[in-house]
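Look over the sequence and the model before reading on.

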Amino acid sequence: MLEKMESMRVAYLTNELDLSSEESARFWPVYNEYSKKRMELRKDMMERKRNLRKEDISEEESVKELDEQMAVQEKELNLKRNYYEKFKAILPAQKLAKLEPAEKEFHQEVLRKLKERRDQRMERGMRPMR
């Protein structure tokens, strides 16, 4: 399932950014590296948010966790800056400007399709038996 999703994402972004085969060959290894590092930071952020939801966390621990969240957000922004410099060496600015909106559109499309599938399953499960 994840492999299929990844190939769909590559196809979608390649199409939306109108990448040539040369651009794709140079872009995707760098993007995949960026994506992996970004995912690691986001996992860290989610863990920090889970820690803050604990009921028995002290004021001091809460402040520490909030500071850590800010540090992770700064790391994510620095990562984005760093990789956008790398991307600019590969893609023209007009194509790079489309990257983030295309990523968001792809995620929205995936969520929409998942919701449709869930709704269809619910409808099938709620039909009266014959």
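Buried means under 20% relative accessible area, exposed means over 50%, and partly exposed lies in between, with a 1.4 Å probe and protein chains only. Glu 109 is partly exposed, with a relative accessible area of 27%.

This is a predicted model, in which local features need pLDDT of at least 70, side-chain atom pairs count only at pLDDT 80 or more, and totals for chains, interfaces and linings use all residues. Residues are numbered from 1 along each chain as its sequence is written, and side-chain values use heavy atoms, with hydrogens and water left out.

**Salt bridges**

A salt bridge here is a side-chain nitrogen of Lys or Arg within 4 Å of a carboxyl oxygen of Asp or Glu. Side chains of opposite charge can pair when their charged atoms come close. How many salt bridges does a search of the whole structure find? The search finds 13. Three of them are set out below.

| Salt bridge | Closest N and O atoms |
|---|---|
| Arg 38 and Glu 103 | 3.3 Å |
| Arg 112 and Glu 109 | 2.4 Å |
| Lys 115 and Asp 119 | 2.9 Å |

Take Arg 38 and Glu 103, whose closest N and O atoms are 3.3 Å apart. This pair links distant parts of the chain, 65 residues apart. Arg 38 sits in helix 2 (residues 21-53), and Glu 103 in helix 5 (residues 99-126). Helices (H or I, at least four residues) are DSSP runs, numbered from the N terminus. Are the two partners buried or exposed? Arg 38 counts as buried, because its relative accessibility is 12%. Glu 103 is buried too, with a relative accessible area of 7%.

An α-helix has 3.6 residues a turn, so residues three or four places apart point the same way.

Arg 112 is partly exposed at 38% relative accessibility. Lys 115 is partly exposed as well, with a relative accessible area of 45%.

Which residues join Glu 109 and Arg 112 in a network of salt bridges? Lys 113 and Glu 116 do.

Lys 115 also gives a sense of distance in the model. Its C-alpha atom and that of Arg 48 are separated by 28 Å. Along the chain, Lys 115 and Arg 48 are 67 residues apart.

**Surface patches**

Patches are made of residues with over 30% relative accessible area and no salt bridge; like charges are joined within 9 Å, and nonpolar side chains (Val, Leu, Ile, Met, Phe, Trp, Tyr) within 5 Å. Lys and Arg count as positive and Asp and Glu as negative, while His and the chain ends are not counted. The place of a charge is taken as NZ of Lys, CZ of Arg, CG of Asp or CD of Glu. Accessible areas come from the Shrake-Rupley method with a 1.4 Å probe.

A negative patch is formed by Glu 55, Asp 56, Glu 60 and Glu 61. Glu 60 lies in helix 3 (residues 59-88). It counts as exposed, because its relative accessibility is 68%.

A positive patch is made by Lys 4, Arg 117, Arg 121 and Arg 124. Helix 5 gives the largest share, three residues. Lys 4 comes from helix 1. At 56% relative accessibility, Lys 4 is exposed.

Met 1, Leu 111 and Leu 114 make a nonpolar patch of about 330 Å². Met 1 is in the segment before helix 1. With 63% relative accessibility, Met 1 counts as exposed.

Helix 3 has 30 residues. The expected span of a helix is 1.5 Å times one less than its number of residues. Several residues of helix 3 are buried, including Ser 62, Glu 65, Val 72, Leu 79 and Phe 87.

Asp 18 is found in the loop between helix 1 (2-17) and helix 2. It has a positive phi of about 55° although it is not a glycine. Most residues other than glycine have a negative phi. Asp 18 counts as exposed, because its relative accessibility is 53%.

Conventions: Helices (H or I, at least four residues) and strands (E, at least two) are DSSP runs, numbered from the N terminus.
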